[in-house]
Amino acid sequence: MSDKQSQLFGMNTLATRAGQERSAEGEHSELIFASSSYVFKNAAEAAARFAGDSVGNIYSRFTNPTVRVFEQRLAAMEKGERCIATSSGMGAILSTVLGLLKTGDHIVSSRSIFGTSVSLFSNILPKYGINTTFVDLTDYEDWQNAITPETKLLFLETPSNPLTEIVDIKKIADIAHEHKTLLIVDNCFCTPSLQLPLTLGADIVIHSATKYLDGQGRCIGGAIVGSDAILSDDIYTFLRTGGTTMSPFNAWVFLKGLETLSIRMRAHCENALQIADWLDNQKSVEKVYFPGLKSHPQHELAKTQQSGFGGVVSFEVKGNKSNAWQLIDSVNIFSITANLGDTKSTITHPATTTHHRLTEKQQIEAGIHPNLIRLSVGLEDVSDLISALDQVLRK
Ligand SMILES: *Cc1c(COP(=O)(O)O)cnc(C)c1O
């Protein structure tokens, strides 16, 4: 499928076919190219490849045909010119930041982002003279005020993890561009199947492919999507030198994941909405966080910005940490694991797992209360998931 063709097709056609080039064997499914290096016809060809005068594979830290199919497919789905696949979601964020920034540069980031991203920004990057100011995701003035002449990047997740807050991507993109900075959106929770940040003005989309793109909890991987101009020099150079490369086997698993992404996302969304509605009516539940509920503060924005509300539901049980732990320990079916976006439903206590590295003050600022529980709603029968929750909540 050529670039031109890929603009004509819908999301599901791209998800199953974009990027594939068949070998002489005529295989129907994509091949796994398990080769660390590539052979040249002669010394002159090797020299031309290394000099960048001829296009082609050299070494799989730089390019690999299976990884390339994944990159082209995800780029087409996200409406980006280029995608760079990475070893993990954190590898995608690290490669972007170290590729684009230097000592003295500044980041403005939403406070409500993945716990390890907060650690990267607050504990690791300052060692290299790159500092971050954290702001309230939905406070547009806070974003404006935090920008300095040194600010190079704005960074956010929407919906946020684990509280599912939603920000108007277009508004933040306008703020970014007014100040000549770039907007990065971590699109892990929605995937291109529910939200297309690049079409709303974002400059770069980040993925943890580990989550819904794989969708079955098998591999760690990530991706960076955006324009050729932004990705091709500094970010790609960092990747091939820094070694944050995706393995071809993982790329193949993610490719297969993309093929069923939309139908899986639709099912995750349906199950999550039913569970959120049900939880919202339970006396032992204090608060439910889910954009599909009419009571969610950005419900209307979610309806226009996203084509579905996602599969993550968070809620606070009445009581404290021990009540939350008791529920987690006694609920049937849900797996106690920090992963999300799996066919299997998972249950997590954010304050002591995904967000444990935050100080108590950072946790309170981020709204991660000790009685908060996060569900990643999977593809089991929703009636079974609801009865499992019902059994423990009634006690
Ligand atoms: C998991 C996750 C990451 C990090 O991805 P890894 O693949 O675990 O490195 C980044 N952002 C969000 C929103 C995530 O959920």
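Let's start with the second largest pocket: its lining residues divide into 10 nonpolar, 9 polar and 4 charged. Here Ala, Val, Leu, Ile, Met, Phe, Trp, Tyr, Cys and Pro count as nonpolar, Asp, Glu, Lys and Arg as charged, and the others, Gly among them, as polar.

Before going on, a word on the source. This is a predicted model, where local features need pLDDT of at least 70 and side-chain atom pairs count only at pLDDT 80 or more, while totals for chains, interfaces and linings use all residues. Residues are numbered from 1 along each chain as its sequence is written, and side-chain values use heavy atoms, with hydrogens and water left out.

Back to the pocket. By pocket I mean, on a 1 Å grid over the protein atoms alone, an open set of points where a 1.4 Å probe fits, with protein on both sides within 12 Å along at least five of seven lines; lining residues have an atom within 4 Å of a point. Its volume, the space filled by probe spheres set on the points, is about 370 Å³. Among the 23 lining residues, Met90, Phe114, Ser208, Thr210 and Lys211 lie nearest the centre. The helix α5 (89-100) and the strand β6 (204-208) each supply at least two lining residues; helices (H or I, at least four residues) and strands (E, at least two) are DSSP runs, numbered from the N terminus.

Domain 1 (3-259) and domain 2 (261-393) each give at least three residues to that lining, with bounds from an automatic or database domain assignment. Their centres, taken over C-alpha atoms, are 27 Å apart. The contact (heavy atoms within 4.5 Å) takes 41 residues from domain 1 and 39 residues from domain 2.

Now, which residues touch the most other members of the largest nonpolar core? They are Phe70 and Leu74, out of 36 residues. A nonpolar core is a set of buried Ala, Val, Leu, Ile, Met, Phe, Trp, Tyr and Cys residues joined through side-chain atoms within 4.5 Å, and buried means under 20% relative accessible area, exposed over 50%, partly exposed in between (1.4 Å probe, protein chains only).

Finally, the backbone. Two peptide bonds are cis: Thr158 to Pro159, with omega near -5°, and Asn161 to Pro162, with omega about 5°. Lys180, not a glycine, has a positive phi of about 55°, and at 75% relative accessibility it counts as exposed.
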